[in-house]
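I opened this structure and kept notes as I went. The entries follow in the order in which I looked things up.

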Amino acid sequence: LDESKEGKVIARGEFARCDVPTQNGRRYPRSLYEREVKKLQETISRRRCFGELDHPADGKTMLQRVSHLITKLSIEKDGRVMGEAEILDTPSGKTLKAILSAGAEAGVSSRGFGATKPNSAGSQDVGDDFVLRTFDFVADPAMQTAYPTIYNEDIEQPEFTVEDLKASFPELVQEATDLSTQDEIAKIVESE
């Protein structure tokens, strides 16, 4: 793969929240999100959990409209559904990157389908038939805390590990291990 010199643009943070009614009055029980997040793990690990810029009217993902790829999804003890998305270099992804590079915020909203029923608190409980498909970037998310932080990650560079050091300079490592003072280490580092 020929990767861009700029690296990846990654969104990390809260994508949703369990047991808290959204702005549109829907409450997603924790057990429901736990089940659906678990079901999505294979799709995520196979890099097939695509999202779009805005919810598609028909609810179906079309590759020509994809803006990002969900790369991680989990639920914290406090009920926050935490996620990570890699913003792709597609036309919609470029639009999203332009919005974010302008300093604007884009929220995240779940996309799925299922029935709801009224509860005693005046909101709607999402039912057991709910199926979570993905999360899309939107201008005004139903969960007002679902604005992930955006990171620019450099392309991964090979890391020089302690094991590499031991393999490349075994005598130096042995000498440093045998030293009793920092002064002796400084002398060896200086001479090397």
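Entry 1: I began with a bridge: Val9 has Ile87 as its bridge partner in E5. I took strands as DSSP runs of at least two residues (E), with helices being runs of H or I of at least four residues, both numbered from the N terminus. Two strands count as paired if DSSP finds at least two bridges between them. E1 and strand E5 (residues 80–87) are joined by eight bridges in the antiparallel sense. I then looked at strand E10 (residues 149–153), which is joined to E1 by five bridges and runs antiparallel to E1. There, Lys8 has Glu153 in E10 as its bridge partner.

**Entry 2: source of the model.** I noted that this is a predicted model, in which local features need pLDDT of at least 70 and side-chain atom pairs count only at pLDDT 80 or more, while totals for chains, interfaces and linings use all residues. Residues are numbered from 1 along each chain as its sequence is written, and side-chain values use heavy atoms, with hydrogens and water left out.

**Entry 3: the five-stranded sheet.** I wrote down the order of an open sheet of five strands as E3-E4-E5-E1-E10, with antiparallel pairing. Its edge strands are strand E3 (50–52) and E10, each of which pairs on one side only. On average, neighbouring strands of this sheet are turned by 35° against each other, direction ignored. For that angle, axes are lines fitted to C-alpha atoms (for helices over the stretch in contact), and angles run from 0 to 180 degrees between N-to-C directions.

I went on to strand E4 (residues 66–75), which pairs with E5 over seven bridges in the antiparallel sense. Leu73 stands opposite Gly83 in E5, and Lys72 stands opposite Glu84 in E5. The hairpin of E4 and E5 has four residues between the strands, and Gly79 in this hairpin takes a positive phi near 95°.

Entry 4: Is E1 mostly covered or mostly open? I found E1 mostly covered, with seven of its 10 residues buried. Buried means under 20% relative accessible area, exposed over 50%, and partly exposed in between, with a 1.4 Å probe and protein chains only. E5 is largely enclosed by the rest of the structure, because seven of its eight residues are buried.

I picked out Ala11, found in strand E1. Ala11 counts as buried at 0% relative accessibility. From C-alpha to C-alpha, Ala11 and Val108 are 9.7 Å apart in space, and they are 97 residues apart in sequence.

**Entry 5: cysteines.** How many disulfides are there? I took a disulfide as a pair of cysteine sulfur atoms within 2.5 Å, and the count is zero. Cys18 is buried at 5% relative accessible area, and Cys49 is buried at 2%.

**Entry 6: the three-stranded sheet.** I found another open sheet, with three strands in the order E2-E8-E7 and mixed pairing. Strand E2 (26–27) and strand E7 (116–118) are at its edges, each with a single partner strand, so one side of each has no neighbour in the sheet. E2 pairs with strand E8 (residues 124–126) in the parallel sense over two bridges. Arg26 stands opposite Gln124 in E8.

**Entry 7: positive phi.** Most residues other than glycine have a negative phi. I noted Asp19, with a positive phi near 65°, in the loop between E1 and E2. Asp19 is partly exposed, at 39% relative accessible area. I also noted Asp54, with a positive phi near 80°, in the loop between E3 and E4. Asp54 is partly exposed, at 42%.

**Entry 8: the second largest pocket.** I used a 1 Å grid over the protein atoms alone: a cavity is a set of points where a 1.4 Å probe fits but cannot get out, a pocket is an open set with protein on both sides within 12 Å along at least five of seven lines, and lining residues have an atom within 4 Å of a point. The second largest pocket is lined by 23 residues, and nearest its centre lie Asn24, Arg26, Tyr28, Ser109 and Ser110. E6 gives the largest share of this lining, six residues.
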